[in-house]
Amino acid sequence: MEHLSKISDTLVSFHSDLNRIQTVAGTLAQVEQQHYNDLTKYDDERLARIAVTEQSSSRQLGEIKQLCIAMAQKIEEIQSMAKK
């Protein structure tokens, strides 16, 4: 029974960590998107290249956020099944 308790504690910890990562990734994605929006207002080729990099970073961070959400949902499913 102790083994199941450790697994449950580990799942709770993973879920918490995934939520924190999701929050950070979401916040950073928004910041990167705002940088893109700000940089594309100027008629400067160098800034346009930087803007594209910012937009790419924003997309990647958005993907990380979605992965964290999906993994957290899986953990919730596992926890729910374990309680039955």
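**View A. Ile69 and its place in helix 2.** Ile69 lies in helix 2. The model shown here, as in every view below, is predicted. Is Ile69 buried, partly exposed or exposed? Ile69 has a relative accessible area of 25%. Buried means under 20% and exposed means over 50%, so Ile69 counts as partly exposed. Follow the chain from Ile69 to Arg46, 23 residues apart. Their C-alpha atoms are separated by 35 Å.

**View B. Gln22 beside Lys65.** How far apart in space are Gln22 and Lys65? Their C-alpha atoms are 4.5 Å apart. Along the sequence, the two are 43 residues apart. Another, Ile69, is partly exposed.

**View C. Ala25 under cover.** Ala25 lies in helix 1. Its relative accessible area is 4%, so Ala25 is buried. Which residues does Ala25 touch, not counting those up to four places away in sequence? They are Leu61, Ile64 and Lys65. Ala25 and Gly62 are 37 residues apart in sequence, but 6.6 Å apart in space, C-alpha to C-alpha.

View D. Gln79 lies in helix 2. Why does Gln79 count as buried? Its relative accessibility is 19%, and the cut-off for buried is under 20%. Setting aside neighbours within four places in sequence, Gln79 is in contact with Ser8, Leu11 and Val12. Of these, Leu11 is listed among the buried residues of helix 1.

**View E. Helix 1, end to end.** Helix 1 runs over residues 2-39. It has 38 residues, and at 1.5 Å a residue these should span 56 Å. The end C-alpha atoms are 55 Å apart, which agrees. The buried residues here are Leu11, His15, Leu18, Ala25, Gly26, Ala29, Glu32 and Leu39. What do they pack against? Their partner is helix 2 (45-83). An α-helix has 3.6 residues a turn, so residues three or four places apart point the same way.

**View F. Helix 2, end to end.** Helix 2 has 39 residues. From first C-alpha to last, helix 2 reaches 57 Å, close to the 57 Å expected at 1.5 Å a residue.

**View G. Stepping back to the whole protein.** The C-alpha atoms fill a box of roughly 65 × 15 × 15 Å along the principal axes. Buried residues make up 20% of the 84 residues. The accessible surface comes to about 6,500 Å², with 57% belonging to carbon and sulfur atoms. Among contacts with a separation of 6 or more, 72% join residues 24 or more positions apart. The mean positions of the 10 positive and 12 negative charges are 5 Å apart.

Methods:
Residues are numbered from 1 along each chain as its sequence is written. This is a predicted model: local features need pLDDT of at least 70, side-chain atom pairs count only at pLDDT 80 or more; totals for chains, interfaces and linings use all residues. Side-chain values use heavy atoms; hydrogens and water are left out. Helices (H or I, at least four residues) and strands (E, at least two) are DSSP runs, numbered from the N terminus. The expected span of a helix is 1.5 Å times one less than its number of residues. Buried means under 20% relative accessible area, exposed over 50%, partly exposed in between (1.4 Å probe, protein chains only). Contact means heavy atoms within 4.5 Å. Accessible areas come from the Shrake-Rupley method with a 1.4 Å probe; for residues, only the protein chains shown count as cover. Lys and Arg count as positive and Asp and Glu as negative; His and the chain ends are not counted. The place of a charge is taken as NZ of Lys, CZ of Arg, CG of Asp or CD of Glu.
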